[in-house]
Amino acid sequence: MFRKVLVANRGEIALRVLNACRELGVRTVAVYSEADRNSLHVKFADEAICIGPPRPADSYLNVPAVISAAEIANVDAIHPGYGLLSENANFAEVCRASNIKFIGPPPEVTRLMGEKEKARQAMKAAKVPILPGSDGIIASIEEAQDVASKIGFPVILKAKAGGGGRGMRIVRSSEDLPNLFHGASTEAANAFGNGELYMEKFIEQPRHIEFQVLADEHGHVTTLFERECSIQRRHQKLIEEAPSLQVTPKLREEIHKTLCRCLTEIGYQNAGTVEFLMDEDRKLYFIEMNTRIQVEHPVTEAITGIDLVKAQLRIASGERLSDILPDKIEIRGHAIECRINAEHPVKFTPSAGKITAFNVPGGNGVRIDTAQYSEGVVPPYYDSLIAKLIVHGIDRDEAISKMERALSQFIVQGIDTSIAMHQEIFADPEFRAGEFDTKFMERFLARRA
Amino acid sequence: MKPQDMKDLRELIEFLKEYQVAEFDLDRGDTKIRLKFSQPAAASAGIADIAKLVTAVPVASAAVAAPSSAAPPQSASAEPAADPDANLHIVKSPIVGTFYGSPSPGSPPFVSPGDHVEKGQVICIVEAMKLMNEIEADASGEVVKCLISNGQPIEFGQPLFSIRVG
C-alpha cells in the first residue's frame, strides 16, 4: 500500500478519497486554490499545499503546479478524483514520467476512451452493442435512405461540425427524409460553415444506464452491477439509483460477460463506468466510457458493500481483485442518491456564498458525502455540488421513504440549494412509479410551471 | 492507553508546547523524527484545531500536534503578521516548488538583507519539476528579510522576501 497519496481534487470527492486513504493508513496530501483555503479537505489532510489562485486553470488544472506539489511532498501516488485532471491522459503520462503512480487506467487506455469515435469503434470491434449509425458522413439522400432503412426509423440526423441541437433533425419515416435532410444540412452550413451530416438511431424515450467496472493490474476485470441515471437536467445527473428496475438479471449477466471480455482485451485497469442508452425494448447501446470514479459511486457501494475508492487504491498498489473483492457479490436492497447543488430550486441559478446553518440528516441507511459545513463558504469558481445524500433500503419503496425523511431534515441556510426541488421530485407519481426516461425532468418542470 | 504511556504523552505534549512545536512526527522503528515550529500566524481556529486535537495517538505511532499554537498544516496560509511597516512589500511565490537562495550550491545568494533590488531583478530560484525558475522582484527597494530557508518546499503565494519599497 502507498505510504503517501496526493489528492488532485477538491470538495466532497477530495474528502472522500482522503477518508479512504486515512482508513488504509496512508498519509494524505491535499492541494488547494486560494479560494479553498478553509475547505474540509485541506483541514483534514495530513499536509496541504496551496497551488494557485482560484481559477481552475491556474490551480486544479495546472499540471506543473500539481506535480510540483507531489514532488515537494514526496508522494507515491496521485488520486485524481472525478472531473478536473481525472481523464487527462497527458496528466497521467506526466505522472508516469515523474515516477508518481496515477491511480487510474494507463494513459493509453484513457486516451482511447476519451476519443468518442475511437471508443465506439473499439467497443464495436469487441462486440459491445453500439448505437447504430452511419459510417461517417452521409454523401447523398439516397445514401441517407439506405442507412436509415438499415438502422430502422426513427433516426436522427446530426451535424458533423455541430452541437447545441443545431443541424439536427429527427426523421420518423422515409417520406420525411429528403426535406429534413436538406433542412438540417442548410441549418448546419449556416451555423457552423459545414453542412455535413451523419445519422444515428433515435431513441424516443431513452434511459441512461451505466455499469460500474473494476479491473486489477493483473488482467482481471469484473463489473459491480448498474446504475440508473435517467433523472437529468441539461445532461447533468440529479438523481441516481442502483440497481435499475429496467435491467433484468439476464441482461445484467449478458452485459457483465461482454464488458469483462472487452475490457480485458483493451487492457483496462482500475475503476471505470461504461454508459449505455436503453431503448423502449430494453436494448442497451454503448455511448461512452468514463475512465475514473464517478460522482454517484456511493449507490453501488451501498448495494454491494464494496468501498470503491479503497479498491482503487488497492488495485493501484498492485493487489489482485481476488484479494480485494469477496468471491460472490450480490445486490442487496436498493440505493438512491440526490445531488444537492448550491442553486435555486426553481430557477436553477447558482448560489455562492456563506453557509450560516448546515444540519445534515442521519440514521439507518442514510449517508452524506459533503465537504461543506456551517460557516463554510461556497466559492463561485467551481461546480455547484455541495453534498450527496444517499439512502439505502430493503427495496425502492423503503429507499424513497428514507430519502423523503432525510431531505426534510437537511437544513441549509445562507445559500440556495436544490433540496426543495428533490423533495418535489420524490413526491411526483411518475418518479415514484419508476416509469421514467431521460426526458423526465423536461416533463416534470413543465408540469410544475 | 497504559498509564505509563499517558504519562509519556503528557510530558511530550508539555515539551512540544514549551518549544512551540506546531507539528511533530515520530516513526519509532529505527526512529525518524520531524519537527515543525509554529510561525507567528493568524491561525484560523476552529475546525483545524479540533481535527488535530482528536487525532490523539498512542506514543508508538505517527503524528501528534501541539494543540495550542496550532499553525495551519504545512501551508503558511496566514499573512506574515511579523512586520507592521506600511512600506513593506512581500514578494510571494508564483509557483509551487523548492526554494534556493543562490544560483548554485556554495555560491553567494542572489540578494541579502540590506541589498537594493530593482523590479525585475532575479532574487531567487524556485525549482519545479526539475526546472530552475528564476523569480523576479515585483517591486524595487531594500531587501529587509528572506523569509524562507534554502531548500525549503514552498507553495503558491508563499511569502519569500520582504522589501522596503522606495
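Okay, hi everyone. Just so we're clear from the start, what you see above is a predicted model.

A bit of background before that: most peptide bonds are trans, and residues other than glycine mostly have a negative phi. Here are the spots that go the other way.

Let's do the prolines. Going from Phe153(A) to Pro154(A), the peptide bond is cis, and omega sits near 0°. If you want to find Pro154(A) on the screen, look in the loop that runs between α7 (141-151) and β6 (155-159).

Further along there's a cis bond between Ala242(A) and Pro243(A), with omega about -10°. Pro243(A) is in a loop too, the one between β11 (236-242) and α9 (249-266).

Now for phi. Asn270(A) isn't a glycine, yet its phi is positive, about 75°. And where is Asn270(A)? It's in strand β12, which covers residues 270-278. So is Asn270(A) buried or exposed? It has 23 C-beta neighbours inside 10 Å, and the cut-off for buried is 20 or more, so Asn270(A) counts as buried.

You'll find Arg282(A) in the loop between β12 and β13 (284-290). Here the count is 12 C-beta neighbours inside 10 Å, and exposed means 12 or fewer, so Arg282(A) goes down as exposed.

Technical notes:
Residues are numbered from 1 along each chain as its sequence is written. Chains are lettered from A and ligands numbered from 1 in the order in which they are written. This is a predicted model: local features need pLDDT of at least 70, side-chain atom pairs count only at pLDDT 80 or more; totals for chains, interfaces and linings use all residues. Helices (H or I, at least four residues) and strands (E, at least two) are DSSP runs, numbered from the N terminus.
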